[in-house]
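Subject: The two-chain model, plus notes

Hi,

Here is the model I promised to send over. Have a look at it first, and then read my notes below.

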Amino acid sequence: MTAPLLETRALCKTFGKVQAVRSVDLALPRGRTFGLVGESGSGKSTVARLVLRLIEATSGDIRFGDEDLRRLGGEALRRRRRRMQMIFQDPYGSLNGRMTVGETLVEPQLVHDIGTGGRARRDRARSLLREVGLPDSAMDRFPHEFSGGQRQRIAIARALATDPELIVADEPVSALDVSVQAQILNLLGDMQREHQTTMLFISHDLRVVRYVCDEIAVMYLGEIVERGPRDRVYDRPAHPYTQALLTSAPGSPRKDGKRAKLAGEIPSADAIPTGCAFRSRCPHAFDRCKIEAPRMQDVGGGQTAACHLLDR
Amino acid sequence: MLRYLGKRFLLILPTIFVPLIMVFLLLRLSPGDPAGMMLGDQATADQIAALREQLGLDRPLHVQFLIWLKGIVTLDLGQSIFFREPVMEIIPRYAGVTILLTLVALTLAVLIGVAMGVISALNRNNPIDRGVVTTAVLGISVPEFWFALLLIFLFSVTLRWFPVSGYTPPSAGLIAWGTTIFLPALALGVRQSALMTRMMRSSMLDVLDEPYITTARAQGLPERTVLGRYAMRTASIPVVTVAGLSAGYMLGGVVAIEIIFSLPGLGRLLVEAVARRDYPVVEGGVLTIALVLAVLNLLIDVLYAILDPRIRYK
C-alpha cells in the first residue's frame with residue numbers, strides 16, 4: 001500500500017474544559033473514501049476542521065502527503081489549501097449569496113492562479129457545472145435561485161475548481177431530502193473516481209457511509225473506537241458501540257426479534273466517564289471498564305477496535 | 001437595474017409631497033400673520049387686509065396650496081416676504097452649506113463607524129473591543145450641541161487648530177473650506193458614527209459566523225479578501241440602512257450646529273424664516289431639504305444594489 005495522503009497522530013482538541021477530540025489517529029489511503037461515523041457530539045466535525053486547519057489542534061500531528069501540515073504558516077498554508085477542499089453540510093449558508101454561481105466558481109481559480117484570463121476561468125467554471133449536472137445558464141444566477149440539492153452540486157463544483165487531492169465532506173447530504181441524497185452521493189462517488197480524489201466523508205448516517213466509503217472509523221466522545229474496511233465493520237462489528245449503532249439504524253435487521261438499544265444520550269464532552277468512555281451506555285460494561293481505558297487492538301482483516309471484551 | 005432605479009425614483013414623489021402638505025398646513029394653522037409682521041404695530045386693519053390680498057393670503061387654503069404647487073412645477077417659489085426677493089434666489093445661497101455639511105458629516109460618520117465597527121468585531125471581547133464599544137455608548141449619549149461646544153473649546157479655543165465659527169465656501173480654497181466645515185461635520189456626525197459603529201460591529205460578528213466565511217477561508221482565499229469582499233460587503237448593508245436614516249436625522253440636527261458655528265445654512269435660514277412668518281421661504285426651505293433627503297435616499301438605494309446584487313435582479 002502506498003503512503004496515506006492524510007495522516008493524523010494523537011490529534012487532540014480541547015475547548016476550555018471540553019475535550020472535543022481525544023488522541024485521534026487517522027490514515028487516509030490515496031484515492032479512497034474514508035468514512036468517519038458517530039453521533040452528534042462525537043467530535044467528527046471537529047476532526048474535519050482540524051485536518052484542514054480551519055481550527056488549530058491543541059496537540060498532535062497532521063501530515064498531508066510528506067508535509068507536516070501543522071508547521072505551515074500563513075501564506076504557505078493558504079496556498080496549500082488549493083490541494084484540500086471542503087464541502088459543508090449546509091448548502092444554504094456555505095455559498096456566498098451575493099455572488100453569482102459563476103463568480104463563486106471563478107474565485108478559487110483566481111486566488112490559486114489556475115488558468116489564464118477571465119475567459120479561460122469562466123470556461124472552466126462552465127465545464128465544472130456541466131460535470132455536476134447543471135446547465136451553463138446557472139453561471140449568472142444566484143445561489144438562492146437553486147434548490148438544496150442543486151446548491152450542493154454548486155458546492156461540489158467549487159470544491160473541484162482547484163483540482164484538490166483531498167476533499168473533506170462534512171455531512172454533505174444530511175441537510176438534503178432523502179430523494180436528493182442518493183443523487184448527490186452518486187455524484188460525489190463519480191467525482192472521486194474520475195479525479196482520483198481522496199475523500200474524508202463525515203456522517204452520522206450509517207447507510208450513507210456504507211454506500212460511499214471504502215474504509216470506516218467510528219467515533220465516540222472524541223475517540224475512535226473502531227476502524228476497518230467497510231464490509232468488515234458492517235458485517236462483523238467488534239465494538240459494542242458500533243454494534244449498537246448498526247442495530248439501531250432504521251431498516252437494520254433485528255437480532256432476537258429486538259434491537260440492541262443504545263440507552264440514553266451521548267454524555268457531555270466536559271464530563272467524560274473514566275476508563276472506557278462508552279461504559280455508561282454499554283450493555284456489557286464490567287468492572288475493568290471503569291478503571292482502564294481500552295486500547296485499540298487488531299481483530300483481523302485490517303479491522304481494529306478498542307474494547308476490553310476482545311481480551312476475553 | 002433600470003427598472004429598480006425607476007421604481008425607487010417614483011417613490012421619491014410621496015417622500016417630497018407629504019412633508020410639503022404638512023408644512024403648508026402647519027404654517028397656516030399656527031398663529032401669526034406675515035402681513036401683520038411686515039407692517040408692524042402701527043398698521044391699520046385696512047392696510048393689513050390690503051397686503052394680505054396682495055400676498056394672496058386671503059384666498060381659501062386649497063387655492064393657496066394649488067397656486068404654490070403650480071409655482072413649484074414652474075420653478076417659481078414665490079417672493080420672500082422678508083427679503084422681498086424670489087425664494088428661488090435665496091435658497092441656493094444657503095442650501096449649499098447645508099448640503100455640503102450633511103454630506104461631509106455623513107461621510108465622516110460612515111468612515112468612522114465602519115472602521116471602528118470592523119476593528120471592534122475583529123477584536124471581539126478583548127480590551128480594544130471594549131474600548132470601542134464604551135466610546136460608542138458615550139458617543140450615542142452625547143447631544144450634538146454639547147459635543148459641538150466641546151470641540152470648539154478643545155480645537156478652536158485651546159489648540160487653535162480651527163476657526164471658532166464662520167464659513168468659507170469651497171470656491172475660496174478647499175483647505176480653508178475644510179477647516180471651517182470639519183468641526184461642524186464632526187459634531188453633526190459623531191452620534192451617527194457611534195450608532196454605525198455598533199451596527200457594523202454586530203453585523204460583522206454575525207457575518208463572520210456565517211458558514212460561507214469558513215468556506216472562503218477553507219478555499220484558501222487571502223484573509224483580506226475574506227474580510228473585505230465577503231464579510232464587510234455583507235455586513236455593511238445594515239449600516240447603509242442606518243446611513244439613510246442618519247441623513248434625515250442630520251438634516252434636522254443641522255439647525256443647532258449651524259447656529260453654534262454661525263454657518264449661513266438652510267437650517268438657520270429656516271428657523272429665522274419661521275420666526276418672521278416668511279411662509280414662502282419656509283416652504284421653499286422644507287422643499288429643498290425634502291429634495292436633498294430624497295436624493296440621498298435614492299443614492300442609498302443604488303448603494304444597496306451595488307452591495308447586494310440580488311436586489312438588482314428582483
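How much area is buried between chain B and chain A, and what share of that area do carbon and sulfur atoms give? About 1900 Å² is buried, and carbon and sulfur atoms give 60% of it. Buried area here is the accessible area (1.4 Å probe) that two parts lose on being put together, summed over both. Ala218(B), Gln219(B) and Arg310(B) supply 32% of what chain B buries against chain A, more than any other three residues.

Before the rest, some ground rules. This is a predicted model, where local features need pLDDT of at least 70 and side-chain atom pairs count only at pLDDT 80 or more, while totals for chains, interfaces and linings use all residues. Residues are numbered from 1 along each chain as its sequence is written, chains are lettered from A and ligands numbered from 1 in the order in which they are written, and side-chain values use heavy atoms, with hydrogens and water left out.

**Where the chains meet**

The contact (heavy atoms within 4.5 Å) takes 21 residues from chain B and 22 from chain A. Eight residue pairs across the interface are in polar contact, both residues at pLDDT 80 or more. A polar contact is a pair of N or O atoms within 3.5 Å; within protein, one must be able to donate a hydrogen and the other to accept it, and residues adjacent in sequence count only if both atoms are side-chain atoms.

There are also two salt bridges between chain B and chain A, meaning a side-chain nitrogen of Lys or Arg within 4 Å of a carboxyl oxygen of Asp or Glu. One of them pairs Asp308(B) with Arg98(A), at 3.5 Å from N to O. On the chain B side, the elements giving two or more residues to the contact are helix 9 (211–218), helix 10 (223–260) and helix 13 (309–313). Helices (H or I, at least four residues) and strands (E, at least two) are DSSP runs, numbered from the N terminus.

Is Glu107(A) buried or exposed? Glu107(A) is buried, with a relative accessible area of 3%; the cut-offs are under 20% for buried, over 50% for exposed and partly exposed in between (1.4 Å probe, protein chains only). Its side chain makes polar contacts with those of Arg229(B), at 3.0 Å, and Tyr230(B), at 2.6 Å. Leaving out residues up to four places away in sequence, Glu107(A) touches Met99(A), Leu221(B), Thr225(B), Arg229(B) and Tyr230(B).

**Chain B**

Chain B has 13 helices and zero strands. Its C-alpha atoms fill a box of roughly 85 × 55 × 35 Å along the principal axes, and 45% of its 314 residues count as buried.

The unreviewed UniProt entry puts "domain: ABC transmembrane type-1" at residues 95–304 of chain B. UniProt positions are in the numbering used here, feature names are shortened, and annotations may be inferred rather than shown by experiment. In the model, that span is 83% helix and 0% strand. The record's "transmembrane region" features in chain B include 174–194 and 286–307. Residues 174–194 are 100% helix, with end C-alpha atoms 27 Å apart; residues 286–307 are also 100% helix, with ends 31 Å apart.

**Chain A**

For chain A, the unreviewed UniProt entry gives "domain: ABC transporter" at residues 6–246. That stretch is 38% helix and 26% strand in the model. Helix 9 (residues 240–248) of chain A is mostly covered, with seven of its nine residues buried. Those buried residues pack against helix 7 (206–212), strand 9 (215–220), strand 10 (223–229) and helix 8 (230–235) of chain A.

Over all chains there are 28 salt bridges. One joins Glu171(A) and Lys44(A) at 3.6 Å, N to O. Glu171(A) sits in the loop between strand 7 (166–170) and helix 6 (178–195), and Lys44(A) in helix 1 (residues 44–51), so the pair ties together parts 127 residues apart in sequence. Both residues are buried.

Another links Arg193(A) and Asp190(A) at 3.1 Å. They both lie in helix 6 of chain A, three residues apart, about one turn of the helix. Arg193(A) counts as exposed at 54% relative accessibility, and Asp190(A) is partly exposed at 36%.

Cheers
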